[in-house]
Amino acid sequence: MTHDSPISRRTVTRSALLGSAALLLGAGGRAHADSRATTEGPVPGGAVLTLPAPTGRHPVGCWPVYLVDDSRRDPWDPTIPVRELMLTVHYPARDVTGLAPAPQMPPQAATWFGRIAPLTPLRLPAAGVDWGATRSHAFEGASPLPGRRPVLVYSPGGGDPRGLGTSLAEDLASHGAVVLSVDHPGDAAAVEFPDARPYREDTVRTTVFRGDPRDQPAVARTMIDARIADLHRVLDRLGHAADLPLPRGLAETLDLRRLGVYGHSAGGSAVTEVMYEDRRVRAGINLEGHLDHPPSAPGAAAEPFPVTAHGMDRPLLLLGSEGFTRRRELDRSWLALAALSGRRVCSARVADANHWIFTDYAAMLPQLQASGSMTAAERNALIGTVDPTASVPTVRRTIRRFFARHLAGR
């Protein structure tokens, strides 16, 4: 359940946060992963990881969308004269008969993700897992279910591909929403495009990041600024949905009077600022994203985002994890925003959890631990000790109920 009350200085004390997290998980939601799995070695050929099924009554369709913003250059590669974006749209489907489940990530992107992931700060296994074998519960090109639907736009964490938000997007779609997940090329680990272009010889772009962008102030600022511009472009294009390359009938289902945004980490940072700047957005959820730029030099002060300096006037949920290692730094900007926003901004934390609990890793990393490809300590550093049978339903339900409450039909 959500802890849906105004955030205050008292809310972010340890005792209050433990209380709100207990509400999120309930008395029996804790299941520690404090010992190494007994399975000997990785599964031959690589473990095939699975995602939890959606809980709604609708089957789910999906569709990739390629967008080009020719009004600006790529922020990471000066040789690219336009800004390219890749999206996945998840939506309630009418019929999925005869269709195969889509992969979590496009095949080439999954291959590159498997090469890059062990080199990132997450230090995922270099072997023992087949990242391209994971299937979603959505069916590409399925016919959309008629009706008017709330629209949600999702931005993933820094360096993360949009595919790592598949489970949550599918669940929201199974309950009636249309969800657009956005890849930010040059930022995301690997983005696969439908074809090459004169300014981009390859069909895959990989990340420019080396280490945590938050520790590199200039990189962090470019990352957030680029994401904000990307998301504004997506929202603008939604205003002309009939011109988008969508499955037949899907554009007519989009109810932009019920528009919400959510994002994880850097995605949470970006969607919060976009919501502040764009009044078309009625509600938003920030999944553990900072709301300031990091100090430009040792001893300097962090620079608050405009939303942090002025406050939010629409419903915003700040949802974090109990074990986030940068929590004190995060609370600095969350408190500043809350002080200016009153009851419109609420917060809660997930007990026994860590930063990536809001992604598909919540379900996937315990499987890697069980296969012997990851230790308990490695898993806990990323998603915490909470069992996915508790964390996945809790996160899904909290997000779903927040949007259901604040994006109700008009």
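Is Cys 62 buried or exposed, and what is its relative accessible area? In this predicted model, Cys 62 is buried, and its relative accessible area is 5%. Cys 346 is buried as well, at 6%. For reference, a disulfide is a covalent bond that joins the sulfur atoms of two cysteines.

**Aromatic pairs**

Phe 113 belongs to helix 2 (residues 107–116), while Trp 131 is in the loop between helix 2 and strand 4 (135–140), so the contact ties together parts that are 18 residues apart in sequence. Phe 113 and Trp 131 are both buried.

Elsewhere, a single aromatic cluster is formed by Tyr 154, Tyr 262, Phe 402 and Phe 403.

**Charges over rings**

Two arginines are placed over aromatic rings, as listed here.

| Arginine | Ring | Distance from ring centre |
|---|---|---|
| Arg 115 | Trp 112 | 4.6 Å |
| Arg 200 | Phe 193 | 4.0 Å |

Arg 115 lies over the face of Trp 112. In the other case, the charged end of Arg 200 sits over the ring of Phe 193.

Key: Residues numbered from 1 in each chain as written. Predicted model: local features only at pLDDT ≥ 70, side-chain atom pairs only at ≥ 80, totals over all residues. Heavy atoms only, no water. Helix = DSSP H or I, 4+ residues; strand = E, 2+ residues; numbered from the N terminus. Buried < 20%, exposed > 50% of the residue type's maximum accessible area, 1.4 Å probe, protein only. Phe/Tyr/Trp six-rings, centres within 6.5 Å; stacked < 30°, edge-to-face > 60°. Lys NZ or Arg CZ within 6 Å of the ring centre and 35° of its normal.
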